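Here is a walk through one protein model, going from single residues out to the whole chain. Have a look at the sequence and the coordinates before reading on.

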Amino acid sequence: MSPHQAKPHIGISACLLGQEVRFNGGHKHSKYCTQQLAEHFQFEPVCPEVGIGLGIPREPIRLVGDITNPRAVKTHHPEEDVTAALVEFSQHKVQQLAHLSGYILMQKSPSCGMERVKVYASNGYALPGGGVGVFAKALMKAYPLLPVEEEGRLHDPVIRENFINRVFAYHEWQTTVVPHLSKQAIIQFHSRYKYLLMAHQQKEYRSLGRIVAQIAHKPLKQIADTYITAFMKILSVKASRKNHCNVLQHILGFLKKNASAKTKQQILESIESYRSGILPLIVPVTLINHYVEQYGNDYIRLQTYLHPHPPSLGLRNQL
């Protein structure tokens with residue numbers, strides 16, 4: 001992200017910021033969100049249960065009935081059904097969130113859980129597989145391209161890096177392409193993301209290129225919508241070690257004419273050490289970046305793959 005570019009706005013379950021909004025008057029403060037991500041994101045907290053007027057503390061609610069369309073009721077007084085209130089709040093609230101570039105949800109919550117939320121049958125037993133929280137369901141239905149993740153899953157380095165990658169990529173689309181939509185804006189965006197897309201899915205990257213090739217023959221808005229839908233789908237697939245190595249070798253190809261044999265060998269050895277799991281991804285990427293600044297051209301210097309997110313987040317140190 002450019003230092004002059006505004007921070008991405010991220011929705012977040014309010015309890016994760018330490019706000020005491022949970023049913024027991026407590027919170028689920030996430031130090032990772034408040035101590036590391038807050039430097040780079042502008043958080044917008046939401047608590048749907050407080051939003052519909054439930055008190056603090058309050059009787060907890062849970063999901064019951066049909067796992068695909070459950071009702072939200074009070075745990076000890078199931079005759080008190082809050083489904084309609086939660087659905088109304090959620091539908092109204094999500095209409096105010098079109099500007100967001102991502103969302104971090106509280107796991108297992110009957111309102112905010114993204115997946116595997118307990119849904120209880122009439123016999124009191126939880127149904128297998130689990131469901132989706134009422135607010136989370138409305139959010140993901142309204143914005144299917146929005147990067148959404150549960151805070152608990154962000155402790156996995158691969159999931160964390162993938163989510164933050166998608167947030168910054170979506171934010172760039174929102175801020176550099178959408179406000180000034182043109183053929184050139186889409187082409188330039190696609191050009192910058194070539195190698196990052198290849199690290200995720202090489203075959204699908206080529207399909208995306210065919211969409212861009214049709215840009216002169218179809219309505220611009222249609223092309224843009226088709227493109228960003230396919231783009232976000234590609235990035236949602238976790239990048240493999242094999243694909244990272246392939247991309248790094250492609251980038252090295254841009255340095256062959258100017259870099260010394262010793263330099264090329266050093267980079268190749270670091271890529272091989274990453275491939276075998278000896279070194280983290282940050283090592284060959286840092287080496288490549290160093291020599292790209294010396295020997296690369298503008299095209300390769302502008303590749304988002306080389307700087308997809310702020311280095312201070314240290315996301316590639318653990319990959």
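Lys108 is exposed, with a relative accessible area of 68%. In this predicted model, Lys108 sits in the loop between β5 (102–105) and β6 (119–120). Its backbone is worth a look too: Lys108 isn't a glycine, yet its phi is positive, at about 70°. Arg116 lies in the loop between β5 and β6 as well, and here phi is near 60°, again a positive value in a residue other than glycine. Arg116 is partly exposed, with a relative accessible area of 48%; the cut-off for exposed is over 50%, so Arg116 stays in the in-between class. Why flag these at all? Most residues other than glycine have a negative phi, and most peptide bonds are trans.

The peptide bond from Ile56 to Pro57 is cis, with omega near -5°. You'll find Pro57 in the loop between α2 (48–51) and β3 (61–64).

Here are the residues with a relative accessibility value, side by side:

| Residue | Relative accessibility | Class |
|---|---|---|
| Lys108 | 68% | exposed |
| Arg116 | 48% | partly exposed |
| Gly253 | 36% | partly exposed |
| Arg316 | 4% | buried |
| Phe189 | 0% | buried |
| Phe231 | 0% | buried |

Now for the two Phe entries. Phe189 and Phe231 form a tilted aromatic pair, 5.0 Å centre to centre with 55° between the planes. What does that pair tie together? Phe189 belongs to helix α6 (residues 183–192) and Phe231 to helix α9 (residues 220–235), so the pair links parts that are 42 residues apart in sequence. Phe189 counts as buried because its relative accessibility is 0%, and Phe231 is likewise buried at 0%. Both rings also belong to one aromatic cluster, made up of Trp173, Phe189, Tyr193, Tyr227 and Phe231. Across the protein, the count comes to 13 aromatic pairs.

Next up is helix α10, which covers residues 241–253. Its 13 residues reach 19 Å from the first C-alpha to the last, close to the 18 Å expected at 1.5 Å a residue. Which residues of α10 are buried? They are Asn243, His244, Cys245, Val247, Leu248, Ile251 and Leu252. These buried residues pack against a whole set of helices: α7 (194–200), α8 (202–213), α11 (261–275), α12 (282–295) and α13 (298–301).

Gly253 is also found in α10, but at 36% relative accessibility it counts as partly exposed. Gly253 and Lys264 are 11 residues apart in sequence, and their C-alpha atoms are 9.3 Å apart in space. Over in helix α11 there is Ser273. For Ser273 and Val283, the separation is 10 residues in sequence and 9.3 Å in space, C-alpha to C-alpha. Leaving aside neighbours within four places in sequence, Ser273 is in contact with Ile278 and Leu279.

Then there's Arg316, in the segment after α13. Is this arginine buried or exposed? At 4% relative accessibility, Arg316 counts as buried, since the cut-off for buried is under 20%.

Finally, the whole-protein numbers. The secondary structure comes to 13 helices and 7 strands. Along the principal axes, the C-alpha atoms fill a box of roughly 75 × 50 × 35 Å. Of the 319 residues, 46% are buried. As for contacts between residues at least 6 apart in sequence, 68% join residues at least 24 apart. The accessible surface comes to about 15500 Å², and 53% of that belongs to carbon and sulfur atoms. On the charge side, there are 36 positive and 23 negative charges, and their mean positions are 9 Å apart.

Key: Residues are numbered from 1 along each chain as its sequence is written. This is a predicted model: local features need pLDDT of at least 70, side-chain atom pairs count only at pLDDT 80 or more; totals for chains, interfaces and linings use all residues. Side-chain values use heavy atoms; hydrogens and water are left out. Helices (H or I, at least four residues) and strands (E, at least two) are DSSP runs, numbered from the N terminus. The expected span of a helix is 1.5 Å times one less than its number of residues. Buried means under 20% relative accessible area, exposed over 50%, partly exposed in between (1.4 Å probe, protein chains only). Contact means heavy atoms within 4.5 Å. Accessible areas come from the Shrake-Rupley method with a 1.4 Å probe; for residues, only the protein chains shown count as cover. Lys and Arg count as positive and Asp and Glu as negative; His and the chain ends are not counted. The place of a charge is taken as NZ of Lys, CZ of Arg, CG of Asp or CD of Glu. Rings of Phe, Tyr and Trp (its six-membered ring) pair if their centres lie within 6.5 Å; planes under 30 degrees apart count as stacked, over 60 as edge-to-face and the rest as tilted.
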